[in-house]
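Thanks for coming, everyone; please have the sequence and the model open on your screens while I talk. I will begin with one residue, and then widen the view.

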Amino acid sequence: FGGTANDGERYCVKQLILSLINYFAPSLDYRDLTKIAEQFMEDNIPLSQKGYAYVAVRVENAQLENYRSPVEALQSDFNRVDTLVGEWLFRSGKKAGTYSGIEAKSLMNEIRAFLQSHLEAEIAIFNESIIHHAYQECEFIEGERVKSRIRAGMDASKYTEYDVVEEHLKKTHKISDLATSAKHILLTILKVGIKGSQAITEAQWRYLQAIAISAHEATLFSDFIHFDIAPCRITLSDMFEIEYEKDSTFFDHNQYMQKQGEINVETAKASFVQRIMESRSAHEEKTGINSWLEEIDQTFLDKFRFSFVNLIQVLYCIGVCSDSEKSPYFPLCKENREALVLMVCSNTIDNIDSAQVNKIIDFISLDFTTYECNEDIMTTKMLRRKERINLCPLIQIEKDNFLYGKQMSLCSMHLWVNNLSSADFPYYLDDKDNISILLA
């Protein structure tokens, strides 16, 4: 099964054919039996690209295989949101017709603001179970993203009866929607706080997802108009149903996604091969820190009082060394500050100063005071802010007590490494900042 051809499949089927013939015709000479089996293989399963694979791949998160699939909102949940928006449009006195330009953008902003307000009101009825549930879903989604990339790489390396790029695009789009909605809900929980007494159910979570996804779609449509990406129109029917129209003459979004999907599948294929090579390797080589990284390290020390390398080591250690298997919040972990510092200091090759570890923990943490009560948690605005779960995977739910996910910590680590290696800081810094100057 290790090669690119279907030798493994042919061998298994041939052994099955040999066993069947031998069972029904035990008196047949073995050489004749072998000729029949080989002829059957040539006629029905000729040598070609393999269609199945049996390989061992290395993953950083040892618990990944135990992650379930994330919960997905149903069409009935979206229908419920559409009805909610339609009723609001009616009460607001909106007129049926076609909206474009500034009018369309204004309408989308109003819809998004209404949905965000409704989301916050819904969140306020739940007890602390909502923050656990929201972060669990974020963790499961990121786990699904990793498994999806591995599967895409595996499928691109063998024969399939479906279009790998098309299938990967569908999966990527679904995971993107799930991740955006779950993380948006999680940040909104931190803004609203824990105010209610009701434990959240799966059905209620799906409804929150549908609200968050609909709000994000309204945000994207507004941004398309604001940044003049493509002419957009909104048609509001007499029944207050919304129909979106985008002109692809200027920017063909579907064609872009197709090309991006092809690139992603090729990247996943290369990554899959690399994972196999790493899994078969009996040793790991430690690479030296080049001069550029030394400059980054020093700049981080000057600005944040900890080095970039230590930030990566802490995130990696939290993602790899934490034990979530027996956690009552699986796949999440809940630890106090002292235990986190001890775990990091005990499991890193370089002796990291505990003071630096504490500073890093503060740097990668969010809590219930991160956002102001009147702050607008808009998904696209959060992309260039530090205070987002992709960069700060630790949530301080009580003083010096943190809730976090192993995969989210690894996701954060990779985001920092990939961005800085591409000379792009993951959140906005002034052009005069020393890090911006260094990356320029």
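Ser214 counts as buried because its relative accessibility is 13%, where buried means under 20% relative accessible area and exposed means over 50%, with partly exposed in between, using a 1.4 Å probe and protein chains only. Ser214 lies in helix 7, and, leaving aside residues up to four places away in sequence, Ser214 touches Phe78, Val81 and Leu115, a contact being heavy atoms within 4.5 Å.

Before I go on, a word on the source: this is a predicted model, in which local features need pLDDT of at least 70 and side-chain atom pairs count only at pLDDT 80 or more, while totals for chains, interfaces and linings use all residues. Residues are numbered from 1 along each chain as its sequence is written, and side-chain values use heavy atoms, with hydrogens and water left out.

Now to the chain as a whole. Its secondary structure comes to 15 helices and 7 strands, these being DSSP runs numbered from the N terminus, with helices taken as H or I of at least four residues and strands as E of at least two. Of the 440 residues, 45% count as buried.

Which residues touch the most other members of the largest nonpolar core? They are Tyr135, Phe300, Leu311, Trp416 and Phe425, in a core of 97 residues, where a nonpolar core is a set of buried Ala, Val, Leu, Ile, Met, Phe, Trp, Tyr and Cys residues joined through side-chain atoms within 4.5 Å. The largest share of this core, 11 residues, comes from helix 7, residues 202-226. Phe425, again not counting residues up to four places away in sequence, touches Phe300, Phe304, Arg384, Trp416, Asn419, Leu420, Ile435 and Leu439.

Let me finish with helix 2, residues 30-44, where the buried residues are Leu33, Thr34, Ala37 and Met41. These cover an arc of only 100° around the axis, which puts them on the same side of helix 2; the arc is that of the directions from the helix axis to the C-beta atoms. The buried residues of helix 2 pack against helix 1, residues 7-24, whereas the face turned away from the buried side carries the exposed residues Arg31, Lys35 and Asp43. At the start of helix 2, a side-chain oxygen of Asp29 reaches to within 3.0 Å of the backbone nitrogen of Arg31.

Conventions
Polar contact = N/O pair within 3.5 Å; in protein donor to acceptor, adjacent residues only side chain to side chain.
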